[in-house]
Amino acid sequence: MSAAARASGGAAARRGRIGLPHVHGRELDSTNERAKGLGAGGAPHGTLVTADRQTAGRGRQGRRWEAPAGRALLASVIVRPLDERDVLLPLAAAVAVCEACEHAAPVTCRIKWPNDVWIDRRKVAGVLIEGRPQERWAVVGVGVNVTTAAAEFPPELRGAATSLAVAAREPGDLSVATLLEALLESLSARLEDPPERILSEWRERDALVGRPVDWGEGGGIAAGVDDQGNLLVDAAAGRVVLGAGEVHLRRSGG
Ligand code: BT5
């Protein structure tokens, strides 16, 4: 048993380095879609799909992910077999993305539950996890704005999105390839982490805790995450536990 497996209480040792095999397309519909196809065909843990450009990049709940060609990291990784640790996979992925961004550029990342990555309250990266839990595999899809210029974001995203190059101001030798290397490194490590470590790393980066938030049916003060990664919100009627869905920071304050 590996040291990591022992540290996680004896969970099955699996994983190891991710990134091979690596399928790269100059233009794909969606790296998640391609990775899901490979996953359904039995592709191994760690299989990586990347693209310079996506014609149908996806966010959650049918939303779109927009990225100009060659300026963003667009990557999907197959994780299998899923086990009990993976209830925290969305949080582990977000922590890994933060670490990779901070390794590649002089920025500080925060996480908006469950796994949007923010720099200075603007979204620099998103994570979309899809898969077949009943077959015990999933695809972790990551989109990071790397060298996108502010003017290259669609007008409706300009106030809400940023890139590493914009946020860092001194991009140096920042590139999609550098960030990919950093992400493979950090994701490999975080996939082996015991739950307590994922939770503590995530909580240190929590962008919402203590702040007023709204969701579909109400509002309250964000109170962190529980040990399963659910968002806790203190509302007028008491504490609410949110397992899924959308939460928005109430920008007006109160
Ligand atoms: C996400 O969804 O944030 C998950 C995004 C995952 C994208 C990756 S790219 C590689 C892989 N293959 C895919 O097809 N997808 C994954 P969500 O939380 O639903 O956020 C989507 C919303 O973010 C959109 O409705 C826009 O408001 C905003 N958005 C779109 N493109 C953006 C960008 N480049 N930067 C910042 N915000 C963006």
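Which residues does Val209 touch, not counting residues up to four places away in sequence? Val209 touches Ala222, Ala223 and Gly224, where contact means heavy atoms within 4.5 Å.

## About the model

This is a predicted model: local features need pLDDT of at least 70, side-chain atom pairs count only at pLDDT 80 or more, and totals for chains, interfaces and linings use all residues. Residues are numbered from 1 along each chain as its sequence is written, and side-chain values use heavy atoms, with hydrogens and water left out.

Val209 sits in the loop between helix 6 and strand 8; helices (H or I, at least four residues) and strands (E, at least two) are DSSP runs, numbered from the N terminus. With a relative accessibility of 44%, Val209 counts as partly exposed (buried is under 20% relative accessible area, exposed over 50%, partly exposed in between, with a 1.4 Å probe and protein chains only). Lys36 lies 173 residues from Val209 in sequence and 34 Å from it in space, C-alpha to C-alpha.

Strand 8 (residues 212–215) runs antiparallel to strand 9 (residues 218–225), joined by 4 bridges; two strands pair if DSSP finds at least two bridges between them. A hairpin of 2 residues links strand 8 to strand 9, and Trp215 has Gly218 as its bridge partner in strand 9.

Strand 8 also pairs with strand 12 (residues 247–249), antiparallel and over 3 bridges. Here Val213 has Leu249 as its bridge partner.

## Helix 3 against helix 6

The axes of helix 3 (residues 89–104) and helix 6 (residues 195–204) come within 9 Å and cross at roughly 55 degrees. Axes are lines fitted to C-alpha atoms, for helices over the stretch in contact, and angles run from 0 to 180 degrees between N-to-C directions. Helix 3 and helix 6 are therefore oblique to each other (under 35 degrees is roughly parallel, over 145 roughly antiparallel, 65 to 115 roughly perpendicular, and the rest oblique).

From helix 3, Leu91, Ala92, Ala94, Val95 and Glu99 meet Ile198, Leu199, Glu201 and Trp202 of helix 6. The residues of this contact divide into 7 nonpolar, no polar and 2 charged (Ala, Val, Leu, Ile, Met, Phe, Trp, Tyr, Cys and Pro count as nonpolar, Asp, Glu, Lys and Arg as charged, and the others, Gly among them, as polar).

Finally, an open sheet of 7 strands has the order 1-2-3-7-6-5-4, with mixed pairing. Its edge strands are strand 1 (22–28) and strand 4 (110–112).
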